[in-house]
Amino acid sequence: MRRQWAVAIVIAVLLLVMNGVSAQDNRSLVWERWDVVIDNIDTEANQFRVTERYEIAFSGTFRFGVRDILHNRLESIRNVTVNDRGIRLTPGCVNQAGTFCVRETGSPESTDITYNFTSPITNGKATFEVRYEVIGALLVYEGGDQLWWDAVPNDHFGYPIRTATISVELPEGFAPREGVDPIITYGARGEVDVNGNQVDVRAPNGIGGYEAFTLRLQYPHDPNARVASWQTNFDSQVQFDENVRPLINIGVFIVSLLVGIGLPLLFFVLWQTRGRDPDVGPVPTFLAEPPSSLPPAVVGTLIDEKSDPRDAISTIVDMAQRGYMVIEEKQEAGLFGLGATREFTFKRTDKTLDDLRPYEKRLMGKLFSGASMERSMNSLKNTFYTTIAQIQNDLYDELVTEGFFTTK
């Protein structure tokens, strides 16, 4: 009986920890300004410099920021610098205050800039500056070269931007020609002002939480300009989208009309023959033994066809009952013998993990990372909730593996 109470307390505390982590993330922010300056444009070498200046109003406590630059129309990003409230941050991926880290990521390919504030910001405003050089982002055509730049990406974490501007300083001799070189904005509505080599664009209505602000500016062709490595494939894709894809879309539409009448009938027949759950018949009122050897997490997910946190957490208890770990309870009396505190500790046994299912191996690997053989419940508060979410997803894969479903 005592062991059953201990197991119940373990599950309850883990659920409270997960709920507490979700409650702590009640934060928001607003970009008061997002200004972008593009200068030092070298049309021959195909490169330019970008300076992004943010003024952000924070609600809650924040310690770092992220700027992710996609490589869909450029070759590389280099010479990154970051300033926090006038203080230049130190490069280095050490996750310390006053530093910033630049990483190249894939799928999709991008440059990820993570900057750790010099000090936490709580319910206040701050200004930041991110500067970098862009290599191979200018489009080269005989009729006029182009600067096509996503000054504000559509992914800025869902927070709105009240004011945004783009300023482009073109080299001498490359001012846009009136009536020849178009200047277009995409995403948020933009207003354009051209004064010689200076092009200024602003978003008069601000930018929505998932809205982009992109500038496509044409200027006189530089015959010595280097063509970016990606432009040939890009131009081929544009030709396909403009000339071939419309014909494909028409063909797909015609085929859809031909099969449109038969599809509802086909779906109905499939549902009648394969889609409905079978009639389970009478259910016994008493079972002498479990109906199957499935683990409790898989059974819980199968019953309601939903992977819940409690299904994933039940695996901890299951691992203990099967001898892969031991759950120890330590109880200390309170002051003057009033009340008591309980501390639970998970201890790894020497039983091999070779016969475990994938989600069980993930749990054991995260719970006892590296050579660790012991873990307190308190140490799970700020990290283990991410593992619970991964295990929930693994449980759907397990139902497919067991043959209960064909796909997740």
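The exercises below each consist of a task and a worked solution.

The model is predicted, so local features need pLDDT of at least 70 and side-chain atom pairs count only at pLDDT 80 or more, while totals for chains, interfaces and linings use all residues. Residues are numbered from 1 along each chain as its sequence is written, and side-chain values use heavy atoms, with hydrogens and water left out.

**Exercise 1.** Determine where Asn 95 is located and whether Asn 95 counts as buried or exposed.

*Solution.* Step 1: Asn 95 sits in the loop that joins strand S6 (90-91) to strand S7 (99-105). Helices (H or I, at least four residues) and strands (E, at least two) are DSSP runs, numbered from the N terminus. Step 2: Asn 95 counts as exposed because its relative accessibility is 66%. The cut-offs are under 20% relative accessible area for buried, over 50% for exposed, and partly exposed in between (1.4 Å probe, protein chains only). Step 3: the phi of Asn 95 is positive, about 55°, although Asn 95 is not a glycine. Most residues other than glycine have a negative phi.

**Exercise 2.** Describe the surroundings of His 156.

*Solution.* Step 1: His 156 belongs to the loop between strand S11 (145-152) and strand S12 (164-169). Step 2: its relative accessible area is 1%, and therefore His 156 is buried. Step 3: leaving aside residues up to four places away in sequence, His 156 touches Trp 31, Trp 34, Ile 161, Ile 207, Gly 208, Gly 209, Tyr 210 and Glu 211. Contact here means heavy atoms within 4.5 Å. Step 4: a polar atom of the His 156 side chain lies 2.8 Å from the backbone oxygen of Glu 211.

**Exercise 3.** Compare the span of H5 with its expected value, and state how many residues of H5 are buried.

*Solution.* Step 1: H5 has 13 residues. Step 2: the expected span is 1.5 Å times one less than the number of residues. Step 3: from first C-alpha to last, H5 reaches 19 Å, close to the expected 18 Å. Step 4: H5 is mostly covered, with 10 of its 13 residues buried; among them are Ile 313, Ile 316 and Val 317. Step 5: just after H5, Gly 323 has a positive phi of about 90°.

**Exercise 4.** Locate Glu 305 and classify its accessibility.

*Solution.* Step 1: Glu 305 lies in the loop between helix H4 (296-304) and helix H5 (309-321). Step 2: Glu 305 counts as partly exposed because its relative accessibility is 49%. Step 3: its phi is positive, near 55°, in a residue other than glycine.

Note on methods:
Polar contact = N/O pair within 3.5 Å; in protein donor to acceptor, adjacent residues only side chain to side chain.
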